Amino acid sequence: MSFALGLVGCGGMGRRHIRGIERLAKTGTLNFELAAVCDVLPANSGMAADMAEAATGLRPGQFHDFEHMLKTVKLDGLIITTTPEMHTGMGMLALDAGLHIMVEKPVTLTVAEGVKLVAAAQSVGKRLAVAENYRRDPINRLARALIDKGAIGRPYLAVQSSSSAGENVVITPWRHLKNRGGIVVDMGVHYTDILEYLLGPMDSVFGLNTVVDAQRRDANGIMHPADAEDLSVGVAQFRSGAVANWLLNMAGRGENHFARMVYGIGGTLGIPGDRTGQPLRLTMREDGQDRPLTNDDLLALAPEYHLDRVTAALFGGERLTHYELEWATIDANLLGIEQADFVEAVVSGREPEVDGVQGLRSLALVFAFLESGLLGRMVHVDDILAGRLSAYEASIGATP
Ligand SMILES: NC(=O)c1ccc[n+]([C@@H]2O[C@H](COP(=O)([O-])OP(=O)(O)OC[C@H]3O[C@@H](n4cnc5c(N)ncnc54)[C@H](O)[C@@H]3O)[C@@H](O)[C@H]2O)c1
């Protein structure tokens, strides 16, 4: 195999990416070799190397110093799975070393950094992919195919709404700190990406945001500071004229909920939680009556719906309407799809599905909710991307 990838950051997500490699290897769709892994914690890089060796039969080189890895191993591309505040610095170094890069979401800590990283990749002619996984779920692919086909007529409203997590630490304490990413940014970029994936570009947003929990409890009962917003409420408008209702409550006590709905003139599309494999719920409005469709009806409405070769191999079907797999397998499949797409994009000279520009839009849209909250008015995403509105971002203290 000729394409050599490195991976930096062997924490939770770095190791989940190795499960993705394992799934590609198992299904005969692996199009690269993991040549090196790097983490400042030898235990983490060791675990990653062990997992990669078990998955592929090849043990990647193991490094604890990122720049040393770049100088020592001949790599074609790099997956960056460190925390957001490191994405820009590592990405720049990798681009300078002649590598194509795929960065975990959010593309960077701030919009200003993202603009720099996108420009740097463009100026050296290297691919910059963003590892955005939710849209790759087969059920979201079918949702998009149905909307594109006009199955619910002209969409005029989307709802993206969720509440969960209570007063607990979500996975790691750094996610609750503004200068490391912040939980509304961390989760929000998935949802701004999926909204644009389904309904096209969003232009303007209005948001209200709050820190509900200034401290969060981890699994051992230890309290950690949390200065980042954990509740974001808002509305947005798509370029098409459709509007969106936005609620991201990461301080939700009691009953959790998740709702993603697209309302069209001809019906509604209910989209289940990502990575659940649950079927879509499409209700058609005909002659003033509502008619729920079956999964077979959905396939008949979307004759062009075919999952790409890698997705079909990983999920076991080309025209899936639902699936039943363990969560860890679903998660690994989606990461494998990102990796295969990144490598194929580089090799064939096309853009990856989620490139730096799209990853940056997803980030800018979440910052638009946050900037809007400070300003008390609707803001345009172009003003965020151009750095014309950046008071919230400046408050992070990380603007370059
Ligand atoms: N797409 C998803 O569903 C999803 C889920 C979780 C995390 N993520 C993203 O993945 C990224 C990583 O998150 P995580 O949960 O794995 O974080 P983490 O804290 O678990 O892991 C970060 C790792 O980076 C290592 N590291 C720190 N400094 C380093 C350096 N200088 N050189 C090499 N390694 C270094 C740490 O030791 C740690 O092992 C974030 O951008 C996060 O938003 C995405």
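Where is the place of alanine 364? In this predicted model, alanine 364 belongs to helix H11.

## Alanine 364 and its contacts

Alanine 364 counts as buried because 26 other C-beta atoms lie within 10 Å, and the cut-off for a buried residue is 20 or more. Leaving aside residues up to four places away in sequence, alanine 364 touches Val111, Val381, Ile384 and Leu385.

Alanine 364 and alanine 112 are separated by 252 residues in sequence, yet their C-alpha atoms are 9.4 Å apart in space. Alanine 112 is one of the buried residues of helix H5.

## Helix H5

Helix H5 covers residues 111-124 and has 14 residues. At 1.5 Å a residue, H5 should span 20 Å, and its end C-alpha atoms are 20 Å apart, so the two values agree. Just after H5, glycine 125 adopts a positive phi of about 70 degrees.

The buried residues of H5 are Val111, Ala112, Glu113, Gly114, Leu117, Val118 and Ala121. Among the elements that cover these buried residues are helices H4 (87-96), H11 (356-375), H12 (381-385) and H13 (391-396), together with strand S6 (128-131).

## The shell around the ligand

The ligand is surrounded by 23 residues, of which the closest are Gly9, Gly11, Gly12, Met13 and Glu104. Helix H1 (residues 12-26) contributes the most to this shell, with three residues.

Domain 1 (4-134) and domain 2 (135-323) each supply at least three residues to the shell.

Technical notes:
Residues are numbered from 1 along each chain as its sequence is written. This is a predicted model: local features need pLDDT of at least 70, side-chain atom pairs count only at pLDDT 80 or more; totals for chains, interfaces and linings use all residues. Helices (H or I, at least four residues) and strands (E, at least two) are DSSP runs, numbered from the N terminus. The expected span of a helix is 1.5 Å times one less than its number of residues. A residue is buried if 20 or more other C-beta atoms lie within 10 Å of its own, exposed if 12 or fewer, and partly exposed in between; C-beta atoms are placed from the backbone. Two residues are in contact if their C-beta atoms, placed from the backbone, lie within 7 Å. A residue is near a molecule or strand if its C-beta atom, placed from the backbone, lies within 6 Å of it. Domain bounds come from an automatic or database domain assignment.
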